Amino acid sequence: MGYLTKRLGQLLSEVPSEDEPVGDYSANVMPPSRANTSTVTFDRALGLPAVFRSIQILSGVSSQLTLGSWRGKTLVAPAPSLVVKPDPWRSLPEWIHRSVVSMASDGNIFYRKHLGPDRSIAAAEVLNAFLTHVRWVKGVKSYTTFDHRLGRFIDLADSDVLHVWGMQVPGHNRGISPITACRVSLGGALDVRDYASNWFNSNDVPSGVLSSDQQLDPGSVAMYRQIWHNPEVFDDQPDAATINRRLGPQIRVLGKGLSYQPIMLKPEDAQWIQAQNFGVLDVARMFGMPADYLHAAVEGTSLTYSNLEMIDTQFMRLTLAPNYLAPVETSISTLLPYGQTAKFDLAEWLRPDAKTRAEVDRIYLQTGVISPQDVHDRERFGGTAPGKPQPVTAPASADAPIGDSA
């Protein structure tokens with residue numbers, strides 16, 4: 001009996017927790033431990049305007065997209081209910097919004113599967129990633145999450161949850177978000193913000209300096225400091241008069257060659273503007289946001305009308321589509337009937353800028369690849385495309401003779 005108890009304890013100790021890295025790693029290459037995270041939580045990070053705006057842009061742009069089901073190159077119509085309304089308690093834009101916010105903040109999306117009357121998967125509810133935990137017990141994976149409808153934590157089997165990963169690091173049971181991976185940089189940005197906010201209220205920052213050309217003993221230093229901060233300590237006026245005097249300017253008397261010099265800082269120095277601007281650029285890098293989206297100036301760069309649309313296209317190609325939309329498409333596709341694939345409609349975001357489209361269309365029109373009506377319909381001008389313009393003839397003069405002069 002003692003052997004079985006000892007062996008069972010060994011087996012349980014070998015079960016990896018969600019915060020414990022597993023696998024083979026060299027002595028010098030170890031994944032970061034989630035147990036040693038600093039105090040940079042999501043709520044604190046969201047207090048930085050750049051972080052809030054980045055997540056707002058990611059979720060706002062994503063929620064404007066439409067999701068469709070495709071079989072090869074053919075759009076499935078009507079679309080399955082899992083694509084039209086994945087969550088029966090929320091609209092499609094809200095479902096996309098919550099999915100992207102979950103991925104950006106926690107690095108994971110947990111969809112709870114709901115079965116329909118025919119036992120097929122009819123809905124994928126977005127769970128609170130911060131209240132969902134991955135568990136391994138004797139090699140069996142399960143989840144624990146908080147059910148708001150029941151008001152308590154519940155256990156879900158692996159088959160009941162669809163786990164969508166962000167950045168996948170071997171040895172971890174959860175994906176890693178930009179906030180988790182870059183918590184040191186975010187901690188520095190938070191420290192600068194807090195220090196700048198408390199500059200004028202901190203007791204450690206002197207409002208001025210009393211200096212003297214004479215040697216002052218420690219007792220005199222303490223006395224003059226006391227007099228400067230509380231001039232009424234040596235005043236025999238009643239308390240009421242003292243209180244009234246405090247409401248207006250106070251006269252301080254100095255001696256022993258003492259002079260007062262206030263400490264004045266420029267607003268940009270007191271608020272650490274340069275350091276805070278660098279923090280904004282750091283947040284833009286970690287979320288893959290164009291600096292112009294966060295109104296952050298990058299030295300040596302300039303924008304023109306022609307490349308503003310290019311920046312939007314690059315943002316979609318390099319940040320939003322591969323890191324946030326593609327994982328959702330891949331995961332939902334596994335829940336659709338065989339042969340169907342879920343895809344977001346990115347045509348409006350991935351098309352070239354207006355100048356490039358006009359140059360390509362001119363070549364295609366000259367070679368007869370497309371017609372003016374095709375261009376007219378694609379650009380959504382409405383109506384019928386105008387035909388080839390006719391040459392304009394000048395009207396006849398009133399004094400000119402009409403007909404044969406003979």
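Please keep in mind throughout that the model is a predicted one.

Let me begin with the sheets. Strands of a sheet pair through backbone hydrogen bonds, and they can do so in a parallel or an antiparallel way. In the sheet that I would like to show you here, three strands lie in the order β5-β6-β7, the sheet is open, and the pairing is antiparallel. The edges are taken by β5, residues 133-137, and β7, residues 152-157, and because each of them has a single partner strand, one side of each is left without a neighbour in the sheet. From one strand to the next, the twist averages 30°. If you look at β6, which covers residues 140-147, you will find six bridges joining this strand to β7 in the antiparallel sense, and within that pairing T144 has D155 of β7 as its bridge partner.

Another open sheet of three strands has the order β2-β1-β11, again with antiparallel pairing. Here the edge strands are β2, at 74-75, and β11, at 341-344, each of which pairs on one side only. Strand β1, residues 67-71, is held against β2 over two bridges, and W70 stands opposite L75 in β2. In the loop between β2 and α4, where P78 is found, the peptide bond from A77 to P78 is cis, with an omega near -5°.

Now to the charged pairs. Side chains of opposite charge can pair when their charged atoms come close. The count for this model comes to six salt bridges, and I will take you through some of them. R174 and D106 form one, with their closest N and O atoms 2.7 Å apart. That pair links distant parts of the chain, since R174 sits in the loop between β8 and α6 while D106 belongs to helix α5, 68 residues apart. R174 is buried because its relative accessible area is 3%, and D106, at 8%, is buried as well.

A further salt bridge brings together the side chains of R112 and D147, at 3.2 Å from N to O. This one, too, links distant parts of the chain, with R112 in strand β3 and D147 in strand β6, 35 residues apart, and both R112 and D147 are buried. Then there is R90 with D87, meeting at 3.4 Å from N to O; here D87 is buried at 0% relative accessible area, whereas R90, at 23%, counts as partly exposed.

Which residues does S54 touch, leaving aside those up to four places away in sequence? S54 lies in helix α3, residues 49-63, is buried at 0% relative accessibility, and is in contact with V283, F287, M289 and L294.

Finally, the surface. A nonpolar patch of about 340 Å² is made by V360, I363, Y364 and V369; of these, V369 lies in the loop between α14 and α15 and is exposed at 55% relative accessibility. There are also residues other than glycine with a positive phi, including R119, at about 70°, and K138, near 55°. R119 is in the loop between β3 and β4 and is exposed at 63%, while K138 is in the loop between β5 and β6 and is exposed at 61%.

Definitions and conventions. Residues are numbered from 1 along each chain as its sequence is written. This is a predicted model: local features need pLDDT of at least 70, side-chain atom pairs count only at pLDDT 80 or more; totals for chains, interfaces and linings use all residues. Side-chain values use heavy atoms; hydrogens and water are left out. Two strands pair if DSSP finds at least two bridges between them. Helices (H or I, at least four residues) and strands (E, at least two) are DSSP runs, numbered from the N terminus. Axes are lines fitted to C-alpha atoms, for helices over the stretch in contact, and angles run from 0 to 180 degrees between N-to-C directions. Patches are made of residues with over 30% relative accessible area and no salt bridge: like charges are joined within 9 Å, nonpolar side chains (Val, Leu, Ile, Met, Phe, Trp, Tyr) within 5 Å. Accessible areas come from the Shrake-Rupley method with a 1.4 Å probe; for residues, only the protein chains shown count as cover. A salt bridge is a side-chain nitrogen of Lys or Arg within 4 Å of a carboxyl oxygen of Asp or Glu. Buried means under 20% relative accessible area, exposed over 50%, partly exposed in between (1.4 Å probe, protein chains only). Contact means heavy atoms within 4.5 Å.
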